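Please consult the sequence and the structure while reading.

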Amino acid sequence: MVVKLIKLGIIGTNWITQRFIDAVKLSQKYELTTVYSRHEETARQFAVKNGASETFTNLDSFFSKGKFDTVYIASPNSLHFEQAEMAIQHGKNLIVEKPAFSTQKQMAKIQKMLAENPQVLYFEAARNIHTENFHAIEKKLGQLQVVQGAEFTYSKYSSRYDLVLQGQEPNVFSLKYAGGALQDLGVYTVYDAVALFGMPEETAYFPQLIRTGVDGKGTAILRYPEYNVTLNFSKISNSHMTSEIYGLKDLIEIDDAGEINAVIYIDDDNNKQVIGNTIDENPMLPEVEDFARVIDDPKNSQNKKDYDYWLQLSVYVNKLIYNLRQAAHISFVGEKK
Ligand SMILES: NC(=O)c1ccc[n+]([C@@H]2O[C@H](COP(=O)([O-])OP(=O)(O)OC[C@H]3O[C@@H](n4cnc5c(N)ncnc54)[C@H](OP(=O)(O)O)[C@@H]3O)[C@@H](O)[C@H]2O)c1
């Protein structure tokens, strides 16, 4: 049987795109055909290294002439929206890095365009919720007799904070490029909360702002009818705190809310049972395989169900992040509400 590979184009040539392409190679479901970069030499180098046949430095030409059917968008956050609009206008499926969009208005426009172009598939690359270990958490949570909230932590010092301390403003710490901790590692914790508990009734965000005006770290509290979920995330400090989901006497312990490498169930008598310890060869492989499954057969009932669920999650996460940010009075440069 001849397997039809998904023809892939990419925007952004940083390490995360290389990691995505490495996952794509492992999956054997895609073929990288087309590379866009602002710089010809960067595009050429990426293409040669990864076996792509075409390069572009002009986005219009990339979308109108490129021979791909799906685009992976891994540009700075503030550029995702316009590039996503172009992708849909050109009938390309799109995999957009998290956070896909910065405002609810942008998300609503993309939803409208997707409804008008039902052949186009959209995915937000929230890798944590696609992992075996996350599915183990979902399953165990469903078995708890009582649920009394959770604390999710994902904090990792970013080497790019060194540049901020030297007086520079890298994109990830810039209001111009929709940066900040909530927009970065925070997204994973918001995905954890929304996928496991749904949308909260009330929220509060206490950011720790840095010189560039973005949140370097912060704590968000999500209030549900019967419990709270607390999110801690940082790009300017490290943390080894585990994350926990509380039952009555029992709990689920997660090593790290973003990476989710180890999940342990601790019962009423303090017995520990490892319920998830799958370490993927590449952390992006589970999402890459999930997206390929749906792109290959979007009409399959399970695939359609998964697709609709991921789209709904993406809309909820966008809304929650936007509301948290607004309540904390963090506005991006040129932001249209
Ligand atoms: N899933 C994950 O684990 C993960 C990890 C890291 C980042 N991300 C996400 O991936 C996206 C990219 O993050 P990043 O840290 O790689 O961003 P970045 O380094 O600031 O930029 C990514 C790419 O966009 C292009 N670019 C950079 N500055 C630009 C500008 N001013 N105007 C136009 N294009 C520009 C560059 O490609 P060219 O020079 O080739 O044009 C660059 O390689 C973000 O949405 C981030 O949240 C996800």
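Q: In what order do the eight strands of the open sheet lie?
A: This is a predicted model, in which local features need pLDDT of at least 70 and side-chain atom pairs count only at pLDDT 80 or more, while totals for chains, interfaces and linings use all residues. Residues are numbered from 1 along each chain as its sequence is written, and side-chain values use heavy atoms, with hydrogens and water left out. Strands (E, at least two residues) and helices (H or I, at least four) are DSSP runs numbered from the N terminus, and two strands pair if DSSP finds at least two bridges between them. The pairing in this open sheet is mixed, and its order is β8-β9-β10-β7-β11-β12-β13-β14.

Q: Which are the edge strands?
A: An edge strand of this sheet pairs on one side only. Neighbouring strands are turned by 15 degrees against each other on average, direction ignored. The two edges are β8 (202-209) and β14 (272-276).

Q: Which residue in β10 is the bridge partner of Gly 218?
A: Strands β9 (residues 215-223) and β10 (residues 228-234) run antiparallel and are joined by seven bridges. The partner of Gly 218 in β10 is Phe 233.

Q: What angle does the direction of helix α10 make with that of β8?
A: Helix α10 (residues 301-327) packs on the sheet and touches β8 and β9, contact being heavy atoms within 4.5 Å. Axes are lines fitted to C-alpha atoms, for helices over the stretch in contact, and angles run from 0 to 180 degrees between N-to-C directions. For α10 and β8 the angle is about 60 degrees.

Q: What is the volume of the largest pocket?
A: A pocket is an open set of points on a 1 Å grid over the protein atoms alone where a 1.4 Å probe fits, with protein on both sides within 12 Å along at least five of seven lines; lining residues have an atom within 4 Å of a point. Grid points are joined across faces, edges and corners, and a volume is the space filled by probe spheres set on the points. The largest pocket is lined by 41 residues, and its volume is about 1100 Å³.

Q: Which element gives the most to the lining of the largest pocket?
A: The elements that each supply at least two residues are α1 (15-27), α4 (80-89), α7 (159-165) and α8 (185-197). The most, three residues, comes from α1.
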